[in-house]
Amino acid sequence: VGKKFPSVSIDAMSEMGDDLKINVFEEAVNKQTRVLLFWYPKDFTFVCPTELHAFQAALPEFEKRNTIVIGASCDTNEVHFAWLNTAKDNGGIEGVTYPLLADTHRQLADILGI
C-alpha cells in the first residue's frame with residue numbers, strides 16, 4: 001500500500017487459449033481503469049474454483065466501476081488452459097473469461113512479497 005505498482009510484463013492465458021504478456025501497471029494506465037489483481041495458490045485446488053467463478057459472476061459489477069479483473073498464480077499457461085477447459089462440476093473454471101497471469105518464475109510474486 002502506498003507504493004507504485006511495478007511495471008513488469010508477465011505471461012498470461014486468455015480463455016480462448018491465447019498466450020499473452022500482460023503488464024498490469026500498463027493495463028491500468030493505458031485503459032485508464034482500475035485493476036483488481038488477485039492471487040490464488042494453485043490451479044486445480046479444491047477451494048480456488050469457487051473464488052474464480054465468484055469473480056466471473058461479479059464481472060459486470062466491476063465493469064460498472066471501471067475495473068478489470070486479472071487472476072494470478074505461479075502455474076504455467078498450459079496448466080491454466082487445462083483448468084479453463086475443465087468443467088465446473090469437475091473442479092474446473094470453464095466459463096472464466098478474464099486473463100490469468102502465469103508467474104512461473106515468481107517475478108511479480110517476489111516483487112509484491114507474495
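**Exercise 1. Classify Lys64 by its relative accessible area, and describe the salt bridge in which Lys64 takes part.**

Step 1. In this predicted model, Lys64 has a relative accessible area of 64%. The threshold for an exposed residue is over 50%, so Lys64 is exposed.

Step 2. The side chain of Lys64 meets that of Glu61 in a salt bridge, with an N to O distance of 3.0 Å. Glu61 has 35% relative accessibility and therefore counts as partly exposed.

Step 3. Both residues belong to helix H3, where they are 3 residues apart; they are therefore separated by about one helical turn.

Step 4. The pair is part of a network: salt bridges with shared partners join Glu61, Lys64 and Arg65.

**Exercise 2. State how many salt bridges a search of the whole structure finds, and examine the pair Lys42 and Asp75.**

Step 1. The search finds 5 salt bridges. Side chains of opposite charge can pair when their charged atoms come close.

Step 2. In the bridge between Lys42 and Asp75, the closest N and O atoms are 3.4 Å apart.

Step 3. This pair links distant parts of the chain, 33 residues apart: Lys42 is in the loop between strand E3 (34–39) and H2, and Asp75 is in the loop between strand E4 (67–73) and H4.

Step 4. The two partners are classified separately. Lys42 has a relative accessible area of 45% and is partly exposed, whereas Asp75, at 8%, counts as buried.

Step 5. Another salt bridge is formed by Glu27 and Lys31, whose closest N and O atoms are 2.9 Å apart.

**Exercise 3. Describe the largest nonpolar core and the place of Ile93 and Leu100 within it.**

Step 1. This core has 15 residues. Those with the most contacts inside it are Phe38, Tyr40, Leu52, Val69, Ile93, Tyr98 and Leu100.

Step 2. Helix H2 (48–57), helix H3 (59–64) and helix H4 (77–84) are the elements that give two or more residues to the core. H2 gives the most, with 3 residues.

Step 3. Ile93 lies in the loop between H4 and strand E5 (100–102). Its relative accessibility is 0%, so Ile93 counts as buried.

Step 4. With residues up to four places away in sequence not counted, Ile93 touches Pro49, Leu52, His53, Trp83, Leu84, Thr86 and Leu100.

**Exercise 4. Determine how the buried residues of H2 are arranged around the helix axis and which elements they pack against.**

Step 1. The buried residues of H2 are Cys48, Pro49, Leu52, His53, Phe55 and Gln56.

Step 2. These residues cover an arc of only 155° around the axis and therefore lie on the same side of H2.

Step 3. Thr50 and Ala57 are exposed on the other side of H2.

Step 4. The buried residues of H2 pack against E3, H3, E4, H4 and E5.

**Exercise 5. Assign the geometry of the ring pairs Phe38–Tyr98 and Tyr40–Trp83.**

Step 1. The structure holds 6 aromatic pairs. Phe38 and Tyr98 form one that is edge-to-face, with 5.9 Å from centre to centre and 70° between the planes.

Step 2. Phe38 lies in strand E3 and Tyr98 in the loop between H4 and E5, so the pair ties together parts that are 60 residues apart in sequence. Phe38 is buried, with a relative accessible area of 10%, and Tyr98, at 3%, counts as buried.

Step 3. The rings of Tyr40 and Trp83 have centres 5.6 Å apart and planes at 45°, so this pair is tilted. Tyr40 lies in the loop between E3 and H2 and Trp83 in helix H4, so parts 43 residues apart in sequence are tied together. Tyr40 and Trp83 are both buried.

Step 4. Ring pairs link Phe38, Tyr40, Phe44, Phe55, Phe62, Trp83 and Tyr98 into a cluster.

Note on methods. Residues are numbered from 1 along each chain as its sequence is written. This is a predicted model: local features need pLDDT of at least 70, side-chain atom pairs count only at pLDDT 80 or more; totals for chains, interfaces and linings use all residues. Side-chain values use heavy atoms; hydrogens and water are left out. A nonpolar core is a set of buried Ala, Val, Leu, Ile, Met, Phe, Trp, Tyr and Cys residues joined through side-chain atoms within 4.5 Å. Buried means under 20% relative accessible area, exposed over 50%, partly exposed in between (1.4 Å probe, protein chains only). Helices (H or I, at least four residues) and strands (E, at least two) are DSSP runs, numbered from the N terminus. Contact means heavy atoms within 4.5 Å. A salt bridge is a side-chain nitrogen of Lys or Arg within 4 Å of a carboxyl oxygen of Asp or Glu. The arc is that of the directions from the helix axis to the C-beta atoms. Rings of Phe, Tyr and Trp (its six-membered ring) pair if their centres lie within 6.5 Å; planes under 30 degrees apart count as stacked, over 60 as edge-to-face and the rest as tilted.
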